[in-house]
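Visitor: I would like to learn how to read a few features of a protein model. Could you take me through them slowly?

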Amino acid sequence: MRRKRVAPAAAIVGLCLAGAVTAQAEAITGAGSSFAAPIYGKWAEAAASSTGITLNYQSIGSGAGQTQIINRTVDFGASDAPVSADRLSTNHLVQFPTAMGAVDLIVNIPGISIDQLKLDGPTLAAIYLGDVFKWNDPKIAALNPGVTLPSIAIAPVYRADGSGTTYVFTDYLAKVSPGFKSRVGSATSVKWPAGSGAKGSEGVSGTVKNIRGGIGYVESAYASRNSLVTVQLRAHDGAFLKASLDSFAAAAAAADWTHASNFAVDLNDEPGAASWPIVSATFVLLPTNPTDAAKSAAVLKFFDWAYASGDPVAHDLQYVPLPASVKSAVRDVWRAQVHGPGGAAVYK
């Protein structure tokens, strides 16, 4: 196996991640991105003893995470789909990235093993449009010379819940397929022309495993942790790549943070022969006017620890850490934009 197995993180990280925390530990709550759930769970385990902060994180999808922080039912929201500047301003939110990760394609095809199958963006879009519906279709066969492909139906599986992973995946397909862009578009939730829906990464992977001919998309950390049957994808510059930390990092290196409003950088289909084509930052949403400044201070203390000490955990889970310059810029935004009821900066 090419992938490194790591200890599971719960899909719903409803954890009082204790370690050696004291009775005075500060508890914070977050909800949203399933894409980020593995790293937030492991960061919480690693940070508890040194920060005194416990985290209850619910992996409920980016759309629900945005709703919960807008309604102020959690201390922070998490989303892979960046929020527009107008929506941030209207709801008094600040947005900042925490790490970068990738989306993998998983399949259940008789006789096909991990990374044996090759796909490109236009063919993948055609599958999810319902225009390519047999695994031995000439378009797929042309990408896989010498591979015996069965004459069975393709069963596309997609996220039924509002999902940042769906946003990242559909943004990629819309970039590489004009037909997908015009017929489906990109969003956390879209009207799929073909396939069946399942809730969360667990639902997508479980459905793919149970359907002969299934194909689905999940975050790379989840695929790696569960040793799912992944595929190679053709990069923007033409090479077929296996999903790996090196190929994710190659895509992340091309990020244009300087011109990204509210850090909403787009990493899909980046140039470079070694760049994995479906990569995204994942974001946290935090009130700029918290009614409980202590809670927001604890949230920022937690992510400050993650920036300072969490990179090894990120690497182990197949995420790419943020550049030091971006972390510094985020801390400046914390100081400038997040203030308690008296107007004092929450992060100092």
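Guide: Let us begin with a lining: H11 and helix H12 (311-316) each supply at least two residues of the lining of the second largest cavity. Helices (H or I, at least four residues) and strands (E, at least two) are DSSP runs, numbered from the N terminus. This is a predicted model, in which local features need pLDDT of at least 70 and side-chain atom pairs count only at pLDDT 80 or more, while totals for chains, interfaces and linings use all residues. Residues are numbered from 1 along each chain as its sequence is written, and side-chain values use heavy atoms, with hydrogens and water left out.

Visitor: What is the volume of the second largest cavity, and which residues line it?

Guide: Rolling a probe the size of a water molecule over the atoms shows where empty space is left. On a 1 Å grid over the protein atoms alone, a cavity is a set of points where a 1.4 Å probe fits but cannot get out, and lining residues have an atom within 4 Å of a point. The second largest cavity has a volume of about 40 Å³, a volume being the space filled by probe spheres set on the points, which are joined across faces, edges and corners. Its lining consists of Trp43, Thr98, Ala306, Tyr307, Asp311, Ala314, Pro321, Leu322 and Lys327.

Visitor: What is the phi of serine 227, and is serine 227 buried, partly exposed or exposed?

Guide: Most residues other than glycine have a negative phi. Serine 227, although not a glycine, has a positive phi of about 50 degrees, and is found in the loop between helix H9 (220-225) and S10. Because its relative accessibility is 26%, serine 227 counts as partly exposed; buried means under 20% relative accessible area, exposed over 50%, and partly exposed in between (1.4 Å probe, protein chains only). Aspartate 269 also has a positive phi, of about 55 degrees, but at 18% relative accessibility aspartate 269 counts as buried.

Definitions and conventions. 1 Å grid on protein atoms, 1.4 Å probe; cavity = no way out; pocket = protein on both sides within 12 Å on 5 of 7 lines; lining within 4 Å.
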